[in-house]
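Thank you all for making the time this morning. I would like to walk you slowly through one structure, so please have a look at it first.

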Amino acid sequence: MKTKLLISLLLVAGVLAACSEMNPHPMDMNLAVQSATTKADHEALAKHYEEAAKDLQLKVDEHKKLLSQYQSKSNIYGKQADSLIGHCRVLINAYEKAAEANLSMAAMHRQM
């Protein structure tokens, strides 16, 4: 009985560890924005937003490659090809908008 309980607890702990975020956000953005008073504070926020935009642009590039593959080899993916193509287009659009928003925020903080 104790062995089963121990195994169950270990499995639950393993699942929780697997579901946890591996790369937590490095800064509390609400606090950082509210407490930004100096030029250096705003510069740090601008750099953060630019890094986020770069990460998002990498995702855009990755999904553009996938989109190209799904389009050129749609016969391999069968009925799912249209769904995969649509999914990539939606993600590309969302990531591009998010990257633009981050660059806009960076520009605003550079002006402060």
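This is a predicted model: local features need pLDDT of at least 70, side-chain atom pairs count only at pLDDT 80 or more; totals for chains, interfaces and linings use all residues.

Leaving aside residues up to four places away in sequence, His109 touches His42, Leu45, Ala46 and Tyr49, where contact means heavy atoms within 4.5 Å. Residues are numbered from 1 along each chain as its sequence is written, and side-chain values use heavy atoms, with hydrogens and water left out.

His109 is found in helix H5, residues 80-111; helices here are DSSP runs of H or I with at least four residues, numbered from the N terminus. With a relative accessible area of 5%, His109 is buried, which means under 20%, whereas exposed means over 50% and partly exposed lies in between, using a 1.4 Å probe and protein chains only.

Helix H5 itself has 32 residues and reaches 47 Å from its first C-alpha to its last, close to the 46 Å expected, the expected span being 1.5 Å times one less than the number of residues. The buried residues of H5, among them Ile85, Cys88, Ile92 and His109, pack against H3 and helix H4 (74-77).

What makes up the largest nonpolar core? It has 10 residues in all, including Leu56, Leu67, Tyr70, Ile85 and Tyr95, and the elements that give two or more residues to this core are helix H3 (39-72) and H5. By nonpolar core I mean a set of buried Ala, Val, Leu, Ile, Met, Phe, Trp, Tyr and Cys residues joined through side-chain atoms within 4.5 Å. A second, separate core of seven residues includes Ala32, Ala36, Tyr49 and Ala106.

Let me turn to the charged side chains. The structure holds four salt bridges, each a side-chain nitrogen of Lys or Arg within 4 Å of a carboxyl oxygen of Asp or Glu. In one of them the side chains of Glu43 and Arg110 meet at 2.3 Å, N to O, and because Glu43 lies in helix H3 and Arg110 in helix H5, the pair ties together parts that are 67 residues apart in sequence. Another joins Lys64 to Glu96, with the closest N and O atoms 3.5 Å apart, and this pair again links helix H3 with helix H5, at 32 residues apart. Finally, salt bridges that share partners join Glu43, Glu50 and Arg110 into one network.
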